[in-house]
Amino acid sequence: MDFAFPPSDPISLPIAGTDKRFPVRRIYCVGKNYADHVAEMGGDIERSEPVFFTKAPETLVHSGADIPFPPHTDNLHYEVELVVAIGPPEINGGIFAYGVGIDMTRRDIQAKAKAKGGPWARAKNFHLSAPCSALTMADKVDLSSAHIVLRKNGDIVQHSALNKLIWSVDEIIAYLTKDMDLQAGDLIYTGTPAGVGPVTIGDELSGGIEGLERITVRFV
Ligand code: MN
């Protein structure tokens with residue numbers, strides 16, 4: 001292949017306990033997937049079709065990184081989320097690994113987009129908007145009674161049992177498989193529980209789920 005200029009490096013995430021890396025293809029995100037978060041955003045809690053949007057793989061941030069505060073927002077929000085990493089069907093039935101992600105959101109831009117019925121791309125899919133932990137192979141962890149927690153500067157700001165998901169991991173995968181082109185390498189951010197809120201320069205976010213690697217980032 002003779003490129004006109006050098007292509008970008010492949011995007012990948014570390015896998016705990018191995019030197020191999022997970023090659024990232026697409027990032028799908030689920031909106032409105034915990035009732036308490038739907039309520040805090042003023043939405044209708046009745047279960048309807050799941051809401052999906054995407055982020056570019058280049059928006060990923062590894063744990064330990066300092067993130068320059070993004071431009072054009074006075075209301076940058078955190079949303080801690082279980083991340084599902086899709087692999088080949090022959091490994092763990094296609095659910096390859098899990099991680100902890102933070103779906104960073106320019107809430108002020110999102111509010112304007114919602115009011116106008118416009119796209120969410122600038123609110124969600126901006127540079128360095130997708131922190132994600134190292135991945136843990138799915139057969140190494142049981143998440144059935146796990147909790148998801150986000151700390152800001154050490155204080156708990158989001159906390160939920162994972163089984164409060166409105167759309168389960170299996171249901172999300174079934175829906176995306178029918179509706180989109182879900183393939184090995186895809187990540188799914190599965191939605192956030194209540195407690196979303198703002199960060200400012202100097203804040204540290206640290207998200208965790210029992211049995212998984214942590215995601216910790218700082219805004220500079
Ligand atoms: Mn989200």
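Are glutamate 79 and aspartate 103 buried or exposed? Both glutamate 79 and aspartate 103 are buried (under 20% relative accessible area; exposed is over 50%, partly exposed in between; 1.4 Å probe, protein chains only). The model is predicted, with local features needing pLDDT of at least 70 and side-chain atom pairs counting only at pLDDT 80 or more, while totals for chains, interfaces and linings use all residues. Residues are numbered from 1 along each chain as its sequence is written, and side-chain values use heavy atoms, with hydrogens and water left out.

**View 1. The manganese ion is coordinated by Glu79, Glu81 and Asp103.** The donor atoms are OE of Glu79, OE of Glu81 and OD of Asp103, at 2.0 to 2.1 Å. Donors are N, O and S atoms within 2.8 Å of the metal (3.2 Å for Na, K and Ca); water is not among the atoms, so sites may look incomplete. Along the chain, the donor spacing reads E-x1-E-x21-D. Glutamate 79 lies in the loop between β7 (76-78) and β8 (80-86), and aspartate 103 in the loop between β9 (95-102) and β10 (105-106), so the pair ties together parts that are 24 residues apart in sequence. Strands (E, at least two residues) and helices (H or I, at least four) are DSSP runs, numbered from the N terminus.

**View 2. Strand β13 pairs with β14 and with β17.** β13 (residues 147-152) and β14 (residues 155-161) are antiparallel, with six bridges; pairing requires that DSSP finds at least two bridges between two strands. Opposite histidine 147 stands alanine 161 of β14. Two residues separate β13 from β14 in this hairpin, and asparagine 153 in the turn has a positive phi of about 50°. β17 (residues 204-209) also runs antiparallel to β13, joined by five bridges. Leucine 150 has glycine 207 of β17 as its bridge partner.

**View 3. Phenylalanine 22 and phenylalanine 96 form a tilted aromatic pair.** The structure holds three aromatic pairs. In the pair of phenylalanine 22 and phenylalanine 96, the centres are 5.7 Å apart and the planes are at 40°. Rings of Phe, Tyr and Trp (its six-membered ring) pair if their centres lie within 6.5 Å; planes under 30 degrees apart count as stacked, over 60 as edge-to-face and the rest as tilted. Phenylalanine 22 is buried, with a relative accessible area of 3%; phenylalanine 96 is buried at 12%.

**View 4. Lysine 55 and arginine 106 each lie over the ring of phenylalanine 126.** The charged end of lysine 55 is 5.9 Å from the ring centre, and arginine 106 is at 4.6 Å. A charge sits over a ring if NZ of Lys or CZ of Arg is within 6 Å of the ring centre and within 35 degrees of the ring normal.
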